Amino acid sequence: MTHLLRWQFQPGLRGPSWRLSVNNARAAAAEILEDSPSLRPALPALIGKAYPLARRNALAETGLPEATFPNDCPYSIHQLLDDGFWPGS
């Protein structure tokens with residue numbers, strides 16, 4: 001989520017390492033969900049729990065104003081897992 005936030009709000013700094021980080025995270029999540037499909041219903045709560053840290057990390061990494069990043073995750077579960085989703089692209 002941190003790299004998706006950076007991707008969306010720092011378009012001039014997009015680079016291959018951000019794309020790789022998102023791709024790796026998505027692949028890891030897909031593997032976990034494939035091995036444990038019963039986790040899928042817990043995804044909203046897990047995302048809600050993880051997003052505040054992702055937001056804080058994006059703030060720390062970018063130096064952008066706190067108001068830049070939404071308080072709640074702006075991405076749906078589908079978008080977070082979709083290899084073709086790149087916000088602001």
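Which helices each supply at least two residues of the lining of the largest pocket? They are α1, α2 (16-35), α3 and α4 (77-81). Helices here are DSSP runs (H or I, at least four residues), numbered from the N terminus.

This is a predicted model, in which local features need pLDDT of at least 70, side-chain atom pairs count only at pLDDT 80 or more, and totals for chains, interfaces and linings use all residues. Residues are numbered from 1 along each chain as its sequence is written, and side-chain values use heavy atoms, with hydrogens and water left out.

Start with the pocket. The largest pocket has a volume of about 560 Å³. Its lining has 20 residues, and the closest to the centre are M1, A25, A29, I47 and L80. A pocket is an open set of points on a 1 Å grid over the protein atoms alone, where a 1.4 Å probe fits, with protein on both sides within 12 Å along at least five of seven lines; lining residues have an atom within 4 Å of a point. The volume is the space filled by probe spheres set on the points. Helix α2 gives the most to this lining, with 7 residues. By class, the lining has 16 nonpolar, 3 polar and 1 charged residues. Ala, Val, Leu, Ile, Met, Phe, Trp, Tyr, Cys and Pro count as nonpolar, Asp, Glu, Lys and Arg as charged, and the others, Gly among them, as polar.

Now turn to α1. The axes of α1 (residues 2-9) and α3 (residues 43-62) come within 8 Å and cross at roughly 50°. Therefore α1 is oblique to α3 (angles under 35 degrees count as roughly parallel, over 145 as roughly antiparallel, 65 to 115 as roughly perpendicular and the rest as oblique). Axes are lines fitted to C-alpha atoms, for helices over the stretch in contact, and angles run from 0 to 180 degrees between N-to-C directions. On the α1 side, T2, L5 and R6 meet Y51, A54, R55, N57, A58, E61 and T62 of α3. Contact means heavy atoms within 4.5 Å.

Next comes α2. Helices α1 and α2 pack at about 145°, with axes 9 Å apart. H3, L4, R6 and W7 of α1 touch W18, R19, S21, V22 and R26 of α2.
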